[in-house]
Amino acid sequence: MLSRINVFSVVAVFFMLASCEKFEGSLPDPLDYGYLSLNLSLTITSEPANGRTLAVNTDDFRVTIFAADGTEVMVFDPFSTAPAEVSLPTGEYYVEAHSNNLVDAAFENPYYFGRSDNFTIDKEELKSIDIEAELANTKVAINYSTNVVNTFHSYTGTVTVASSGASLFYAQGETREGYFLTSPLDIEVNLSYTKLDGTTIDRTFTASIGDPQPKTLYNINVDATLEDGKVVFNITVDEGFDTVEVELG
């Protein structure tokens, strides 16, 4: 009887040791932590053509913390939910912030994006990071000369994102700037003149912006006259200090 009890005791001790060894092996490695403080600012590079500056609240932005290899670590959506200090394991990170309104084409809908440089979180350190968000759209305005306004009875335009087909229609008298995905754009301008006998002269002209840039306003300047019943047409694309002559089709 005694020997049987001893055998059971040995077996029980063996399983206890094996169990303890397995448990200890499954424990995660201890990590050191530091702290991150995020500051988000917004840069508006230009005033809209109509003089109205749209209010943008960075509290509504989506802010994402990434590990240096691109792995998503933490998301605050909206940014207003982020604590004053974020606890992170030591390592290398970067942060992206953007407004939650990205579409291919829209009026009065500026999209802002910003990315920090890579930074390192050290043990028990408080790191303060500034993220500057800037306009990430391409802006397009269509402007008609006095000749067009005084001569033609109808003048409209359409700007289309070539890759998706999304477009904005610029009705006669439209002064707003369109905000577009930064991707090649096709431009179409339609002019119509009604003669005294009731017949009309309709002309469609096209142009393109093959390599549009973000935070850049492209002014499509349209000028046309009637000479001997024919439309003499000129269009230029003005991007700030540079004026680019565009071939028409």
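Q: Between which two strands is the loop that holds Glu 174?
A: This is a predicted model, in which local features need pLDDT of at least 70 and side-chain atom pairs count only at pLDDT 80 or more, while totals for chains, interfaces and linings use all residues. Residues are numbered from 1 along each chain as its sequence is written, and side-chain values use heavy atoms, with hydrogens and water left out. Strands (E) are DSSP runs of at least two residues, numbered from the N terminus, as are helices (H or I) of at least four. The loop that holds Glu 174 runs between strand E12 (167-170) and strand E13 (178-180).

Q: Is Glu 174 buried or exposed?
A: Buried means under 20% relative accessible area, exposed means over 50%, and partly exposed lies in between (1.4 Å probe, protein chains only). Because the relative accessibility of Glu 174 is 18%, this residue counts as buried.

Q: Which residue joins its side chain to that of Glu 174 in a polar contact?
A: A polar contact is a pair of N or O atoms within 3.5 Å; within protein, one must be able to donate a hydrogen and the other to accept it, and residues adjacent in sequence count only if both atoms are side-chain atoms. Glu 174 also touches Phe 107 and Ile 142, not counting residues up to four places away in sequence, where contact means heavy atoms within 4.5 Å. The polar contact, at 2.9 Å, is with the side chain of Arg 176.

Q: What is the relative accessible area of Thr 156?
A: Thr 156 is placed in strand E11 (residues 154-161). Leaving out residues up to four places away in sequence, Thr 156 touches Tyr 144, Phe 169, Tyr 170, Ala 171, Gln 172, Glu 188, Val 189 and Asn 190. Thr 156 is buried, and its relative accessible area is 14%.

Q: Which residue of E12 is the bridge partner of Thr 158?
A: E11 and E12 pair in the antiparallel sense over four bridges. The bridge partner of Thr 158 in E12 is Phe 169.

Q: Which residue in E16 stands opposite Thr 138?
A: Strand E10 (residues 138-144) is mostly covered, six of its seven residues being buried. Three bridges join E10 to E13 in antiparallel fashion, with Lys 139 having Tyr 179 as its bridge partner in E13. Seven bridges join E10 to strand E16 (residues 216-227), and these two run parallel. In E16, the residue opposite Thr 138 is Thr 216.

Note on methods
Pairing = 2+ DSSP bridges.
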